[in-house]
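Visitor: Could you walk me through the charged pairs in this model?
Guide: Gladly, let us look together.

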Amino acid sequence: MPTPVDRLEAARSSCDPDVLRALVAVGLPFVDQALAENPRTPQDALAALAAAPRGRSTAWNDNRLLRLLAEHPSADAPVLDVVLAAVAEQLAAGRRPYAAVIALAGRAEVSAGRVRALGESAGASARVRGRVARVLAGRR
């Protein structure tokens with residue numbers, strides 16, 4: 001039976017898409033984050049991580065996972081849409097996924113209007129609004 005350490009190592013180093021997909025179901029925050037950092041994690045697994053219910057662990061872990069997913073080099077527009085929805089949900093709940101908002105602002109696959117709306121939502125701070133505006137200005 002694989003231990004959590006075995007699963008973490010597999011999430012970090014595996015090239016097999018089926019293994020990486022199976023690790024999404026483990027539900028350990030450090031495994032989820034390792035999957036989000038692995039550039040070989042397939043897009044459907046990334047989307048499943050983004051769509052996973054929040055609150056499985058701490059707000060810090062959830063927010064870090066969302067930032068990693070927003071920064072993932074293989075995340076395409078559909079994956080980023082799921083990440084954006086999860087970030088909006090976190091903001092509405094007062095959980096402050098500010099780094100993910102800023103990472104999404106840097107992604108050309110996400111429309112500037114949608115990211116701007118995140119920055120202007122009730123859960124966003126003035127500092128986040130300013131950073132989002134600067135990042136979006138740099139995208140042009």
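Guide: First a term: buried means under 20% relative accessible area, exposed over 50%, and partly exposed in between (1.4 Å probe, protein chains only). This is a predicted model, where local features need pLDDT of at least 70 and side-chain atom pairs count only at pLDDT 80 or more, while totals for chains, interfaces and linings use all residues. Residues are numbered from 1 along each chain as its sequence is written, and side-chain values use heavy atoms, with hydrogens and water left out.

Visitor: How many salt bridges does the structure hold?
Guide: Here a salt bridge is a side-chain nitrogen of Lys or Arg within 4 Å of a carboxyl oxygen of Asp or Glu. One of them joins Asp-44 and Arg-21, with the closest N and O atoms 2.7 Å apart. The structure's salt bridges number 7.

Visitor: Is Asp-62 buried or exposed?
Guide: Asp-62 forms a salt bridge with Arg-95, the closest N and O atoms lying 3.3 Å apart. The pair links distant parts of the chain, 33 residues apart: Arg-95 sits in the loop between helix 6 (77-92) and helix 7 (98-105), and Asp-62 in helix 5 (residues 59-71). Helices here are DSSP runs (H or I, at least four residues), numbered from the N terminus. With a relative accessibility of 5%, Asp-62 counts as buried.

Conventions: Helix = DSSP H or I, 4+ residues; strand = E, 2+ residues; numbered from the N terminus.
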